[in-house]
Amino acid sequence: MYELFKNLGSWLTSGAQWAGSDGITHRLAEHLQYSLLATLIAAAIGLPVGLLIGHTGRGAFVAINLASFGRALPTVGLVVLVFLAGGLSMLPVYVALVALAVPSIVTNTYAGMTAVDPDVKDAARGQGMRGHQVMLQVELPLALPLIMTGLRLALIQVVATATIAAYVSFGGLGRYVFDGLAQRDLVQVLGGAVLVAAVAIALDLALSGLQRLLFRHRPAQTA
């Protein structure tokens, strides 16, 4: 075990390991590209759905259950299914990552909207605000802490799962895991896993710190 971690340290600190098209720097950039793009697409889908059902109260049962179904889908199985239907491309990877990210965004956005005090919404309507104005100017600002929590959870889940890009011969940090398994190189497998975990933890700490900074004057809310 000591020898394994010693070799892992050498693997992670080797200058050659960080350079070139197969280096850690390049693979990390690919991994972040996949993760951020998938999370943005998921946000473009999940935020409007969560805002709408949270504001109107309509379709909540269907939307939340569909979101839960998306969370339960086997990610690799979904990649293989889309791969068989659409061929070799990044599309299967993005479909799987987006399906993974949408549930957290929808449920937290919905929870944030429904947590807004009804008296506050009634007061806004009493001042002559229309429905969309109440949603955008009253409910949305008050729901933002929970919405950001959903985005944060979605991004961390996507970062941890984006290794599947290597499953269909693309890049990212998962390349080390899959190549290491194929080559029976335990150090490379462990190195890839450590890097993915480190990126997920770093992003989680950064986003949670940003969230505390932005909402430090607001009362705490839980998802």
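Which residues in H1 meet residues in H10? Before the answer, one caution: this is a predicted model.

On the H1 side they are Leu 4, Phe 5, Asn 7, Leu 8, Trp 11 and Leu 12. On the H10 side they are Leu 186, Val 187, Gln 188, Leu 190, Gly 191, Gly 192, Val 194 and Leu 195. Sorted by type, the residues of this contact come out as ten nonpolar, four polar and no charged.

Now the geometry. Two packed helices are described by the angle between their axes and the distance between the axes. For H1 and H10, which covers residues 186-214, the axes come within 9 Å and cross at roughly 65 degrees. The crossing is right-handed.

Next, the aromatic rings. There are three aromatic pairs by the rule used here, and I will go through two of them. Trp 11, already mentioned as part of the contact with H10, pairs with Tyr 176. Their ring centres are 5.1 Å apart, with 90 degrees between the planes, and the pair is edge-to-face. Trp 11 sits in helix H1 (residues 2-13) and Tyr 176 in helix H9 (residues 174-183), so this pair ties together parts that are 165 residues apart in sequence. Are these two buried or exposed? Both Trp 11 and Tyr 176 are buried.

The other pair is Tyr 34 with Tyr 94. Because their ring centres are 6.4 Å apart and their planes are at 85 degrees, this pair is edge-to-face. Tyr 34 belongs to helix H3 (residues 24-56) and Tyr 94 to helix H6 (residues 91-114), so the pair ties together parts 60 residues apart in sequence. Tyr 34 and Tyr 94 are buried as well.

Key
Residues are numbered from 1 along each chain as its sequence is written. This is a predicted model: local features need pLDDT of at least 70, side-chain atom pairs count only at pLDDT 80 or more; totals for chains, interfaces and linings use all residues. Side-chain values use heavy atoms; hydrogens and water are left out. Rings of Phe, Tyr and Trp (its six-membered ring) pair if their centres lie within 6.5 Å; planes under 30 degrees apart count as stacked, over 60 as edge-to-face and the rest as tilted. Helices (H or I, at least four residues) and strands (E, at least two) are DSSP runs, numbered from the N terminus. Buried means under 20% relative accessible area, exposed over 50%, partly exposed in between (1.4 Å probe, protein chains only). Axes are lines fitted to C-alpha atoms, for helices over the stretch in contact, and angles run from 0 to 180 degrees between N-to-C directions. A crossing is left-handed if the near helix is turned anticlockwise from the far one by less than a right angle, and right-handed if clockwise. Contact means heavy atoms within 4.5 Å. Ala, Val, Leu, Ile, Met, Phe, Trp, Tyr, Cys and Pro count as nonpolar, Asp, Glu, Lys and Arg as charged, and the others, Gly among them, as polar.
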